[in-house]
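Please look through the sequence and the model shown below before reading on. The briefing after it is meant for someone meeting this structure for the first time.

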Amino acid sequence: MKLPILSRISSEVFPSEFSHYLAKLPSSHYKVYKIPKRTFGFRVIAQPTPELKCIQREIVKQIKPYVKIHNVAKAYVDGVNIKDNAYVHVKSNYLLKLDLENFFNSLTPSMFLSALNYQEIELVNKEVDPLIELLFWNRTKKKRPNLILSVGAPSSPFLSNFIMYEFDKIVMNHCMKLNINYSRYADDLTFSTSEKGVLCMIPKFIEKVLCDLHDGKIKLNYSKSVFSSKAHNRHVTGITLSNNNKLSLGRDRKRYIRALLHKFSTESLQYEDDINHLKGLIGFAKMVEPSFFEKMKTRYGSKVFVDLFRYGGEH
């Protein structure tokens, strides 16, 4: 299928000379900064200008109806969230979590073109180079670009799922044969089963698939690999899998939420950041474990929750 993208975008959104939009001063279209990771090191954020973000969103809007995203992808998908990702594994006894290293920054234009080819989508020839230039960030200032997806571009999440479609399909087909559940939340790969010992060969299989598809340019971060079972705490994207096959906030998080609610109810939680943090936790609790949310409403009274969500102008 021949798919024109740029020619469908309104001239009000897209400059007429799109082929030269970024070529003159590519670095001026991104603001680059670092934020600390939770453990150690820094994550590089390349934030596109508002104009470029607008163009990237329009490109995704044009591509989206024509491409496939595998149903094992649980991040950046409309109507799907971390609860859906955790629920895939809630009834299993054994769990394996793998992590893809520097995920967005490992995805390149050649992978994007390969994904288009796999799904039998052909771009208009004159649009290929401009599209790549608009969707991928040049992390060097050299004349020979080193193009990758940026953390910060609104198009990167959707494109990552599109690029990973063939990988997800191969892995899912393999897992189905072994009665293994599989889901992917961005760079987090989760596998679960009720058969002991089956998961031990999965890391090597994933490594081989990544090598076959992408020449090893996408790699596993083995330092983040986690095997667990019902004998130990099991967590999937921040949600606890209880031994009675239910999703849970976990004992420590519940205790923490109760403590913050008590402070708010006695007007001793005064800083705006702390109150907004509590709002986020309550919303998370309502989604993951509604029964706990209802218990807290009964314990502290509905008025406390009304006051909490009215704080700062929310209703």
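Predicted model: local features only at pLDDT ≥ 70, side-chain atom pairs only at ≥ 80, totals over all residues.

Residues are numbered from 1 along each chain as its sequence is written, and side-chain values use heavy atoms, with hydrogens and water left out.

**Domains**

- The chain is divided into domain 1 (6-234) and domain 2 (249-310), with bounds that come from an automatic or database domain assignment.
- The centres of domain 1 and domain 2, taken over C-alpha atoms, are separated by 34 Å.

**The largest pocket**

- The largest pocket holds about 1300 Å³ of space, a volume being the space filled by probe spheres set on grid points that are joined across faces, edges and corners.
- A pocket here is an open set of points, on a 1 Å grid over the protein atoms alone, where a 1.4 Å probe fits and which has protein on both sides within 12 Å along at least five of seven lines; its lining residues have an atom within 4 Å of a point.
- The lining of the largest pocket consists of 37 residues, and those nearest its centre are Arg-43, Asp-99, Asp-187, Asp-188 and Lys-224.
- Two or more lining residues come from each of strand S3 (42-48), strand S4 (94-99), strand S9 (188-193) and strand S11 (235-236), where strands (E, at least two residues) and helices (H or I, at least four) are DSSP runs numbered from the N terminus.
- By class, 18 of the lining residues are nonpolar, nine are polar and ten are charged; Ala, Val, Leu, Ile, Met, Phe, Trp, Tyr, Cys and Pro count as nonpolar, Asp, Glu, Lys and Arg as charged, and the others, Gly among them, as polar.

**Helix H11**

- In helix H11 (residues 302-310), the buried residues are Val-304, Phe-305 and Leu-308, buried meaning under 20% relative accessible area, exposed over 50% and partly exposed in between (1.4 Å probe, protein chains only).

**Residues with positive phi**

- Most residues other than glycine have a negative phi.
- Glu-120, in the loop between helix H3 (109-118) and strand S5 (122-123), has a positive phi near 60 degrees and counts as exposed at 64% relative accessibility.
- Ala-186 also has a positive phi, of about 60 degrees; this residue sits in the loop between strand S8 (181-185) and S9 and, at 6% relative accessibility, counts as buried.

**A buried lysine in a loop**

- Lys-74 is found in the loop between helix H1 (50-63) and helix H2 (82-87) and counts as buried, with 16% relative accessibility.
- Leaving aside residues up to four places away in sequence, Lys-74 touches Val-80, Asn-81, Asn-85, Val-88, Ser-183, Arg-184 and Tyr-185, a contact meaning heavy atoms within 4.5 Å.
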